Amino acid sequence: MFDARPQHNEYLRHRAQQFRSQVARRLDGSLTEDEFKPLRLMNGVYLQLHAYMLRVAIPYGTISPDQMRTLALLAEKWDKGYGHWTTRQNIQYNWPKLVDIPDMLDALADVGLHAIQTSGNTIRNVTTDAYAGAAADEVVDPRPYAELLRAWSTDHAEFQFLPRKFKIAISGGEKDRAVIAAHDIGLRLRRNEAGELGFQVWIGGGLGRTPILGQVVREFLPEADLLPYVEAIISAYNLAGRRDNKYKARIKITVAERGLDVMRDEIEAEFLNRRAVFTGVDQDMVAEFRAVYAAPAFRNETDGDYEERRAASVGFRSWTDTNLSTHKAPGYASVMVTFKAPGQTPGDASADQMRLLADLAERYGHADLRISHDQNVVLPHVHKSDLFALYSELKAAGLATANAGLVSDIVACPGMDYCALATARSIPIAQEIADHFRARDIEDEIGKIDIRISGCINACGHHHLGHIGILGLDRAGVENYQITLGGDGYDIPAIGQRPGAGFPAEEVVPAIDRIINTYLDLRDSAEERFIDAYRRVGAAPFKAALYPVNA
């Protein structure tokens, strides 16, 4: 569990009290909105289309039942009864009143949560694998290192005014489930030929208006060098990053303009200086965090009537086939609870749903919950003998949708329904696509596919990484949607490519339908996923389907 230590909570309450005073001065007119803006951004408060928005950090997506209940309290007491899971493992509240936000921060501080550095040009919430500590292919649990980076970066004086926001992801599995290639710094835990633990270090990745995949700057960084090396990277960027143009200020542009070799030389030189002053305190902290994240006391017992239940219930079998992942402990599975039921806004969670998940995690999941990059919630440790009981309770609450990773499990940003930056709607388009393929009843036939949609060029829906990506833009007052194909954040990192011109809103579903039909016609077998078929045949047949000559 995330370590909500007493001294940490005291600090958070102090920060909340500071913000309470700033809000009071904004409300009585002592501060203008321009003067207030940098203060609210330091506390995760944005001014959106219809109201203020509060983004709460969920450190590396790991959350306890009590913390989840507090998120439910915020939704119910100070918002409209729900929150929105983000693609960076956080939660956003889209309707709070400014006067209430200090109370919300106080409530968060009581359980060790906060909104610090969820906005602004600083180091954002460190993200990692939603299956950390559970995945069967895991080399090492990445959470102790994520917690080290979180503790080190929170209010780090040197890095509060970077050229732009800065995002770090860390992955601990054979398969990357943290999308490290799309981050400013990506860290991949691995062992070298001698069996020593360390990191492959990537820099310069990012999405937005200029999507670029990161590059490997160090093939193997010894475990003990993590903090001084990360400090060296950010220090080099802090000095060299552009501040004359916000659209060219991310480290991905710095690396592209200066070249990886130049950046590597500067980082290595800075690393030598910084490494000399580290005394080993960071390694003591990692050891402490390893104890915090020790594996729970897994039960050693049979699967009970798990297989009999699967044989007897089509719904349960479908859910277990789709929403479970292989666990490292015998007799266990990890469960993905999707927030993409028919008609639901992708990623929205009601207060009742949050409380139910908190209860279920305590009853069946060793009191552990994770927020995924795909706007869902993972119960990482569930014994197979408990799966049918868990499924039954989820089903009664409308949370047992068997669509994890399928065509209706669409990742979507809030778009123009909430966001002041958006130029097109994303939620209705995602719902229309999901409804269409549910009506055709071919979700299982299509199989695993990653569809993502963003309502503007800032790409909060991570459309560049979708097998099928959709980007909504404003074209002379009319919503227009560009389609990209072949993106991937998890297996083989790739930025999706545009096959041609965009489509008006009413033509998006037919366009996606033609893409899917083309895939079903040309795949080698039912086991060949969309992305694998696309890589095999290329864009040409999909482009021909999207833009027929005689249309």
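Five strands come together in an open sheet of this predicted model, in the order β1-β2-β5-β4-β13 and with antiparallel pairing; two strands count as paired if DSSP finds at least two bridges between them. Strands here are DSSP runs of E, at least two residues long, while helices are runs of H or I, at least four residues long, both numbered from the N terminus. At the edges sit β1 (45-47) and β13 (348-350), each pairing on one side only. From one strand to the next, the twist averages 30°. Looking at one pair, β4 (residues 82-85) and β5 (residues 91-93) run antiparallel and are joined by 2 bridges. His 84 is found opposite Gln 92 in β5.

Two helices lie across this sheet. Helix α12 (residues 351-364) lies across β4, β5 and β13, at about 80° to β13. For these angles, axes are lines fitted to C-alpha atoms, for helices over the stretch in contact, and the values run from 0 to 180 degrees between N-to-C directions.

The loop between β5 and α4 holds Asn 94. This residue is buried, at 5% relative accessible area (buried means under 20%, exposed over 50%, partly exposed in between, with a 1.4 Å probe and protein chains only). Setting aside neighbours within four places in sequence, Asn 94 is in contact with Ala 51, Tyr 52, Met 53, Asp 79, His 84 and Tyr 418, contact being heavy atoms within 4.5 Å. Gly 502, by comparison, is 408 residues from Asn 94 along the chain, and their C-alpha atoms are separated by 29 Å.

As for annotation, an unreviewed UniProt entry lists residues 119-271 and 408-545 under "domain: Nitrite/sulphite reductase 4Fe-4S". UniProt positions follow the numbering used here, feature names are shortened, and annotations may be inferred rather than shown by experiment. Residues 119-271 are 30% helix and 18% strand, with end C-alpha atoms 27 Å apart. Residues 408-545 come out at 34% helix and 17% strand, and their end C-alpha atoms are 21 Å apart.

Residues are numbered from 1 along each chain as its sequence is written, and side-chain values use heavy atoms, leaving out hydrogens and water. As the model is predicted, local features need pLDDT of at least 70 and side-chain atom pairs count only at pLDDT 80 or more, whereas totals for chains, interfaces and linings use all residues.
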